[in-house]
Amino acid sequence: MPVPPPRLGVNVDHVATLRNARGGERPDPVRAALLAIEAGADGITAHLREDRRHIRDADMARLKAEISKPLNFEMAATDDMLRISLATKPHAVCLVPERRQELTTEGGLDVVGQHNALAPFIAKLTDVGIRVSLFIAADPRQIEMAAKLRAPVVELHTGAWCDAVVDGHAEKAAAEWQRIVAGVGLARSAGLEVHAGHGLDYATAETISALPEIAELNIGYFMIGEAIFAGLAETVRAMRAAMDRGRSKADGAKGSTRP
C-alpha cells in the first residue's frame, strides 16, 4: 500500500507580523489562511504568543470561525492560554516553549522537567476534545516522557538540522538528520503520531517527507517570505509538490539514516 502523503499545515503568523508593523488590519492573516486552504493546505497553524507580537486574540477567533480546515493553535502552557484555547476550541493545540526575548521558538519544550505542570494541562485540553501536540526536540528522554503524558502527537523541532543545511555545515546536518530519524522511529514505536516543523524550506521539506512515519509538516516563515515573490497560492502548491516528491521516495527511505 502506498504511504499517504504528509499533511501540510501553513503557519500564518508572519502575515500578522507584517500587518502589525504598520498597524491596521492588512494584510489579513485570515485571508491568507483561506487562500492557503484554497491552494491545497490541509490545515492552518497560528501561534498566539503572550506578547501578541503577531497573531492577536481576534485572529484566533476568526480563524476558528472562518476556515474550513483544522486549526492548530500553538501556545505556551499558561493559564491565560488555556482559558483562550478552551474558549476557541481549535482542532489541535501544540504546546511550545516561549521566551519574551527570543525572535522565534529556539528549542523544544522540556516535557521531562515540566512533567508535573503539563500533565493536568494536557488533561484539561483532552477532556474537551482538543488534540494535544508537544513541540519537542528529537531527544529520547523527551519523546518517552511525551508518551507517558498521553499526548497523542509530538512535533519534532527541525530547526538545528535546517540551519545546518542552509549554512552548508554538512557534518552537523548529517548528525542532526540522524537524530531526527531516530526520534521519528522512537516516537512511532511509542504510539505517537509524528509531525515536524521549524526552518523547513522546499528542499528540507522534500527530504523529511521521505520518512513514511511523518504525518504532518507545519511551515510558516519560509512560505510567507517566498509568497512575496511568487504569491501565496503558488508557494503552497510548490511546497505541496515538494512534499509529494519526498513522499514518493518513502519506501526507499524506511530505515534510512541519510538525508
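**Close-ups of a predicted model: strand E3 and its surroundings**

**View 1. Strand E2 next to strand E3.** Alanine 46 sits opposite phenylalanine 73 in E3. That pair belongs to a stretch where E2 (residues 43–47) and E3 run parallel, joined by 4 bridges (strands count as paired if DSSP finds at least two bridges between them). To get from E2 to E3, the chain goes through helix H3 (residues 57–66), and this β-α-β crossover is right-handed: with the strands pointing away from the viewer, the path from the first strand over the helix to the second runs clockwise. Helices (H or I, at least four residues) and strands (E, at least two) are DSSP runs, numbered from the N terminus. A note on the model itself: it is predicted, so local features need pLDDT of at least 70 and side-chain atom pairs count only at pLDDT 80 or more, while totals for chains, interfaces and linings use all residues. Residues are numbered from 1 along each chain as its sequence is written, and side-chain values use heavy atoms, with hydrogens and water left out.

**View 2. Strand E3 and where its side chains go.** Leu71, Phe73 and Met75 point one way from E3, while Asn72 and Glu74 point the other way. Whichever way they point, all are buried (under 20% relative accessible area; exposed is over 50%, partly exposed in between; 1.4 Å probe, protein chains only). Since 5 of the 5 residues of E3 (residues 71–75) are buried, the strand is largely enclosed by the rest of the structure.

**View 3. Strand E3 next to strand E4.** Here methionine 75 has leucine 95 in E4 as its bridge partner. E3 and E4 (residues 92–95) run parallel and are joined by 4 bridges. Between E3 and E4 the chain passes through helix H4 (residues 79–88), in another β-α-β crossover that is right-handed.

**View 4. The largest nonpolar core.** This core has 72 residues, and those with the most contacts inside it are Leu63, Leu95, Leu134 and Ile208. A nonpolar core is a set of buried Ala, Val, Leu, Ile, Met, Phe, Trp, Tyr and Cys residues joined through side-chain atoms within 4.5 Å. Helix H8 (residues 170–189) supplies the largest share of the core, 6 residues. In soluble globular proteins, nonpolar side chains tend to be buried together.

**View 5. Leucine 134 and its neighbours.** Leaving aside residues up to four places away in sequence, leucine 134 touches a set of residues including Leu95, Leu109, Val111, Ile122 and Glu155 (contact means heavy atoms within 4.5 Å).
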